[in-house]
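Take a look at the structure below. This report walks through some of its parts.

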Amino acid sequence: MNQKEPLLQREGAKSVLASLLSIAIGLAFGALAILVVGLASRDLGAGSAWEGIRLIFGGLFSTGRGASGALTWGFNGQNIGNMLFRAMPLIMTGLSVAMAYKTGLFNIGAPGQYLMGTLASLAIALGIPSGALPKPLIWLLAFCGAILAGAIWGAIPGALKAFLNINEVIACIMTNWIAANFVTWMFSISNFKNVVENTKSSYIYKTTYGLVDGKYVSGAGIATSKMGLDKVFPGSQINGGILIAILFAIGVYVMMEKTTFGYELKACGSNRHAARYAGISDRRNIVLSMVIAGGLSAAGAGLYCLSGNTEFFWSTYQSLPAIGFNGIPVALLAVCNPIGVIFTAIFMSMLSISGLQLTNLTAYNEYITDVIIAVIVYLSAFSLVIKMWLGRRKDKVGAVDANAEPLVPKSEPKTVSEAKGGDEA
Amino acid sequence: MAALDNSQDYVIEMLHITKEFPGIKANDDITLQLRRGEIHALLGENGAGKSTLMSVLFGLYQPEQGEIRKNGERVLINNPNDATALGIGMVHQHFKLVEVFTVLDNIILGAETTGALGFLKKAEARKKVQALSEKYGLKVDLDAKVEDITVGMQQRVEILKMLYRDNEILIFDEPTAVLTPQEIEELMATMKEFAREGKSILFISHKLNEIMAVADRVSVLRKGKYVGTVNTADTNKQELSNMMVGRPVQLVVTKDDARPGEDVLRVEHFSVPSHVHKRNAVNDVSFTVRAGEIVCIAGIDGNGQTELVYGLSGMDKSNGGSVTLCGEDITHYSIHRRGGNMSHIPEDRHKHGLVLDFTLEQNLVLQRFREPQFQHAGFIDEGAVRGYAQRLIEQYDVRSGQGPVTKARSMSGGNQQKAIIAREVDRDKPLIIAVQPTRGLDVGAIEYIHSQLVAERDRGKAILLVSLELDEVMSLSDRILVMYEGEIVGELDPKKTNVQELGLYMAGAKREGKEALA
């Protein structure tokens, strides 16, 4: 778009505006919920409600309560660092969903791919005896192993879709549960189960534990380099993984927008028939798209597990990791733009930090932020509708050509229910 | 500007309608007056504003200026329900039917008669529809699902929908684009029958033959402006097309005799299986196309032409015979490899020809983006793509709102087709397969595309044309092969045959020995 278009009429600006609008409505709804709960509750009241509302919007910059009992505000490195740490795997699962979506596939299999990445990264990190290889190499092997495992896991629904025309949503849901049970089984017969800290059951060693003479010793293992970020955000969990995640986002953006490969993927995504007609192998691209999406999800798991300060509850056969599913709202809110995913993932993490602050500082509990997130998730599916609505109001460029396709937004990527896309072939 | 008389004869008047979209006046002070019981044709090129005007009448758009009158009284039409209440019905170019519903369900949908508790009174509806169907000879199978019936029957369902709602003003938006010659004749007869009964018909078309055959008066639009209204009795095709395009148009293709060279495409005993039935859609077909000639596959839609092209281009697998292109056996090549010597203007420009959500420039390199000139180490050279697109746009006069970055979806049908022609012709391959390249286009665009194909022929290309339009077949081709039920039943010389004989072959009433073809 090198034409001199007013800013607000640009496709991108409209997308951003639509997403911001969803967020604003979600936050407003959250504020309303806090107000209602506050006024209705005996323990709370208008004063607490006002505190709660301020924490929802600015929890990131809350520094606790002062001597007078009033909320204090300022730069809170721990909050910001933790926010970025939580955003790290979300960026990856968000990228996974966004990238598949642009290829016309709805990757609801991110949780399963994430679990496979968890299994592979932990098994490699904990399986190689301490000192057998240099620590950075072990880290790299574990990270790449995670990507590979996720890629293979993503390839299954991809191949089913490409060769047997089985809807990828169904295949993904099934592979998710297969992964959950498989991972549980693998860990339950492994010797990675944490037996040192006896207060915990069903947890796997952190990767900071290393295998020394057949025993796991704290500090002998590996952890992602902090890259100095712990100095900037003292007291937080942050490490260099966030930078890796951002690099991945930029990489996916470049791949989708600048390369012939991305062009092929998008052509298959928006019109499989035309892609075939043009000699592009649609089957190959569907499989590859799911392979990459799976790899991205699993890379998120790798980054999270290899941080060294996270523990994995291995008995997952009853529930799938929320980080995987949260990739969907992250991607939708970003209108599937890889760069946008960075920001929406950080935003989602900010909400959960705000929720923690709410729990710590007021009588509210953090679940109120789940309500906000839920509203935003609903609205993010609508953000495309909002975008269209903005489009109708702000410009009617689409209708310039009187004989063009009707204004009915066939082209707009659809809401979640329709998002399976492109399998009517 | 037509004189506005206050005659009560006008059932619908659209006076000084102006409808603007940012940057363009789709309708600029247009006046259209429809008499009771007449067939009034609305003629104009793609993008002239016909559809916008009809959308205004049907309540889909609100005009900025002007008013609509019915029987002399001003009416407001805010949505299609208002239009229906005023007795205005429309058969859209792309039918608005629920594919998985039966014909009867589709007809009554939205106008259901119900009993006391809201139960459908289908038996009553069925009687009414049957009566209408018999009265006008509109044969439909009321219990068939719409997805299973032919396009022609789907159109009859749409017409019955209007009749069921007792509409007296009937709008037909390019109704013949999808019909076979026989079906077109039936439709014309039906339209005339309606007019005799006092129904008024607005007939949108850019096919001059049909307008001359059926319409009483013609209003012509050009680039959003009203050009004039004439009686068909007082005009002729040439005058109408000049009015429509704004310059003298060549209605007949001028070309020299072909000077065919060597065989470019040789098809031997070629068969392609059908997706619908167990027989082959294309059965044991053999023919050749030589350099410097246009060979046309004629036939009624659905006789295997589509499958033949799918088989030749590699989009479908063949199950017998061989295809030789430029001396190379390509029977088992991938689509991509076949593309090395073959350009293909596909039948369905929205399904195959374009990625509608891509920009024009992205569409123009749909097959070529991997070529070294457009990419370096896998990274697309955006500058090169832009430059190439600009050259094609200029050279082939592809018009669009924002040039290379226009979304293909927002372009008019004619320009979409031009973009495909530009892309395929510019690939400069020895064989061009063109399937209904002028379908749904106006005379200006048809003239252009025909001249392009003839120019390519004269440059020594072999051209395989598949067409359903008899005029096109007769005027453009150097040799005609007629396909009937998956087989080639005759080879004709357009100079020595006529439309009647061609029609007999197409209908399967006449065929010659196959040995004469190879």
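## A strand pair in chain B

In which sense do strands β21 and β22 of chain B pair, and over how many bridges? They pair in the antiparallel sense, over five bridges. Strand β21 covers residues 479-484 of chain B. One pair of bridge partners is B:Leu481 and B:Glu491, the latter in β22(B). Keep in mind that this is a predicted model.

## The sheet around it

Both strands belong to an open sheet of six strands in chain B. The order is β16-β19-β20-β13-β21-β22, with mixed pairing. At the edges are β16 (342-345) and β22 (487-492) of chain B, and each pairs on one side only. Neighbouring strands are turned by 20° against each other on average, direction ignored.

## Helices on the sheet

Helix α15 of chain B, residues 443-458, packs on this sheet. Helix α15 touches β13 (294-298), β19 (431-435) and β20 (462-467) of chain B. Its direction makes about 150° with that of β20(B).

Helix α17 of chain B, residues 499-506, also packs on the sheet. Helix α17 touches β13, β21 and β22 of chain B. Its direction makes about 35° with that of β21(B).

## Domains of chain B

The domain assignment gives chain B domain 1 (10-245), domain 2 (261-341 + 429-518) and domain 3 (351-428). The C-alpha centres of domain 1 and domain 3 of chain B lie 35 Å apart.

## A helix in chain A

Helix α4 of chain A has 18 residues, 110-127. At 1.5 Å a residue, α4(A) should span 26 Å. Its end C-alpha atoms are 25 Å apart, which agrees.

Why is α4(A) described as largely enclosed by the rest of the structure? Because 15 of its 18 residues are buried.

Technical notes: Residues are numbered from 1 along each chain as its sequence is written. Chains are lettered from A and ligands numbered from 1 in the order in which they are written. This is a predicted model: local features need pLDDT of at least 70, side-chain atom pairs count only at pLDDT 80 or more; totals for chains, interfaces and linings use all residues. Side-chain values use heavy atoms; hydrogens and water are left out. Helices (H or I, at least four residues) and strands (E, at least two) are DSSP runs, numbered from the N terminus. The expected span of a helix is 1.5 Å times one less than its number of residues. Buried means under 20% relative accessible area, exposed over 50%, partly exposed in between (1.4 Å probe, protein chains only). Domain bounds come from an automatic or database domain assignment. Two strands pair if DSSP finds at least two bridges between them. Axes are lines fitted to C-alpha atoms, for helices over the stretch in contact, and angles run from 0 to 180 degrees between N-to-C directions. Contact means heavy atoms within 4.5 Å.
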